[in-house]
Amino acid sequence: MTITNPAISATRLTKTFGDLTAVSGVSLTVYPGEIFGLVGPDGAGKTTTLRMLSSIMDPSSGAATVAGYDVATEAANVKDHMAYMSQKFSLYQDLTVMENIAFYADLYGVPRKGRAEKVDELLNFSHMLPFKKRRAGALSGGMKQKLQLVCALVHTPKVLLLDEPTNGVDPVSRRDFWRILYQLLKKDVAILVTTAYLDEAERCNRVGLLDHGNLLATGTPSEIKQLMKGQVLAIRSSDHAWDITRLVRAGMDAESVNVFGDTVHVVCEDAEETARSATDLIRSAGLEFESAGVIQPTLEDVFVSVLSGNPGMKKKGEVRSAKGFETEKKESFDEKPVESSERAVTVKNLTRRFGNFTAVNAVTFDVPKGEIFGFLGPNGAGKSTTIRMLCGLLEPTEGQGTVAGFDIETQPEAIKQHIGYMSQKFSLYEDLTVDENLNFYGGIYGLSGQLLKGRKAWAMSMAGLAGHEKSLTAILSGGVKQRLALACALLHEPPIIFLDEPTSGVDPISRRRFWELIYGMAGRGITVFVTTHYMEEAEYCDRVALIYGGNMIAMGTPQELKTRHMKQKILSLTCARPQDVVDDIAKLPEVLDAALFGAGLHIVVSDAEKAEASVRRKLEDLGTSFERLEVVSPSMEDVFISLIEDVDRKASEGGPS
């Protein structure tokens, strides 16, 4: 057995800022050819740890080496053998793709000889070759992430540090990104990645769970799952997952109850007994569900259970009957409930061109009042452009639309007074306190005196900001900033709120809490128009529209999209190191597509029986054992990718349109 020296080694690494201990005695190792995932809530110390390892920041105490060099005393050598990709793009927006790469190649001292071949190889396997001459500023978010990775890899580092590299990136680009990472492992690169996507953490060789600067546990994903106490009962409901979550929380004594896409996970001592009680309760409330059974916990189950202090546990006196639950969503929101037949947003042939480029092409849809309307699409599909037109921030080139009854072209100022808007980059003033930000936005909306005081009190309570009134916004965690931005957007009681990727980059617990707020708002008559790259969040929407290349390609409820638009079957494969077999399985004639999905693979097929037999034979030929191979219901991610690939396939068959 060969003993390999670690590429990254940290021993009791600590960083303090005055009285605050951001990282406390962290010890970890990462070996060549290994991906180590560092996960934890906002403010856990993940970024600070990476900054110390990259020699950007000196540790207060403890020690660390990268590629054998001390991060505190041999910073120049560390930087020669390491690449660090931060959350903020370190790209030059006015330079082209090739000019950015050339800049970093010169910075790293990459020899001119052989450079062109290496760059073309990187661009080819990142699918960026056709965009060599495009300015970085004109790239989509997913392309920018891949370009930043190419720039980092141009000198073939021994160690790669990635700080939440797939935040704000669509599922297609995420798959590309992880395919690139697995290629790097074959070259013995050691990768340390922080991520807010727990399905990505499932793909790591080992995982570390960080909270308040302390490393609570490290191990393989399977070992980390052993931290889960109790069993997980999964109740799948395409139409009522949130309703069932609230009902079970209110009416049962479970450790925790949380929604994951279209499925409710109930952590309990006895899943069989809990299943009987839960299904009786659900039926008595008149709600429908497709299945209920015990499942193996996911890393996200563990994350939520270990780090949240059981958010699903009932508070004293909170138990309600099913009858009480039925009326809960109809509580007053300082206005009368609206009829769902009324339209909050109406759009017909909405088009926006920038020069010769059509960003949004003849889009048509309606959104009833009180609906959660999900607007999905890959990076650069036209989502944000559409929202900006609807908010009166960008004039359409062609087409018509009304928002809250006002014309988007002739009455943009009236629209701005009747909507809430939360952009991808929270529009908060970092040097103001929470209270001062709320006062500022209240003033913009014309609120003052007792009215402003009352609305602030409601917003603080709604967003869970009590205790943060005097906190400087700059020092708040991502999840708290997110809730403050929502509170500011809702101060003036708008009937419609636009949320543009509101949960990008926040941890799973903060995302879940945020969606609790959204769901409650919609139940009280507010229309919610939301874009997201988290496909499980698409499950929470009443209806979903998918835009691609500026064109609307599908619309319907999540269940309609899965059944009407997804004609293929999905085989789910659970095995060790799925990345090693994905390419071989994808080449099988019975397989249409195969891709990483959580800790396993999702295999798209036409004939499930024939494909399953073929996959089993291939796994046997490869000498790969597996835990499960079964037909499963398609996820929204499966639908998203299938629809986009269908458009691409038709375009390639028909040639340029």
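This is a predicted model: local features need pLDDT of at least 70, side-chain atom pairs count only at pLDDT 80 or more; totals for chains, interfaces and linings use all residues.
## Helix α3 against α5

Helix α3 spans residues 97–107 and helix α5 spans residues 141–153. Their axes come within 8 Å and cross at roughly 30 degrees. Angles under 35 degrees count as roughly parallel, so α3 is roughly parallel to α5. The crossing of the two helices is right-handed.

On the α3 side, the contact is made by Val-97, Asn-100, Ile-101 and Tyr-104. Leu-147, Val-150 and Cys-151 make it from α5. By class, six of the residues in the contact of α3 with α5 are nonpolar, one is polar and none is charged.

## Helix α3 against α4

Helix α3 also packs on helix α4, which runs over residues 115–125. Here the angle is about 125 degrees and the axes are 12 Å apart. That angle makes α3 oblique to α4. The crossing of α3 and α4 is right-handed.

From α3, the residues that meet α4 are Val-97, Met-98, Ile-101, Ala-102, Ala-105 and Asp-106. Their partners in α4 are Arg-115, Val-119 and Leu-123. The contact of α3 with α4 has seven nonpolar residues, no polar ones and two charged ones. Val-97 and Ile-101 of α3 take part in this contact and also in the contact with α5.

## Helix α16 against α17

Helix α16 (residues 449–462) packs with helix α17 (residues 478–490) at an angle of about 145 degrees. The axes of α16 and α17 are 9 Å apart, and the crossing is right-handed.

Arg-455, Trp-458, Ala-459 and Met-462 of α16 make the contact with Leu-486, Ala-487 and Leu-490 of α17. Sorted by class, the contact of α16 with α17 holds six nonpolar residues, no polar residues and one charged residue.

## Arg-511 in helix α18

Arg-511 lies in helix α18, which covers residues 508–523.

The side chain of Arg-511 reaches the backbone oxygen of Ala-196 at 3.3 Å. With neighbours within four places in sequence left aside, Arg-511 is in contact with Ala-196, Glu-300, Thr-503, Val-506, Tyr-534 and Glu-537.

Definitions and conventions: Residues are numbered from 1 along each chain as its sequence is written. Side-chain values use heavy atoms; hydrogens and water are left out. Axes are lines fitted to C-alpha atoms, for helices over the stretch in contact, and angles run from 0 to 180 degrees between N-to-C directions. Helices (H or I, at least four residues) and strands (E, at least two) are DSSP runs, numbered from the N terminus. Angles under 35 degrees count as roughly parallel, over 145 as roughly antiparallel, 65 to 115 as roughly perpendicular and the rest as oblique. A crossing is left-handed if the near helix is turned anticlockwise from the far one by less than a right angle, and right-handed if clockwise. Contact means heavy atoms within 4.5 Å. Ala, Val, Leu, Ile, Met, Phe, Trp, Tyr, Cys and Pro count as nonpolar, Asp, Glu, Lys and Arg as charged, and the others, Gly among them, as polar. A polar contact is a pair of N or O atoms within 3.5 Å; within protein, one must be able to donate a hydrogen and the other to accept it, and residues adjacent in sequence count only if both atoms are side-chain atoms.
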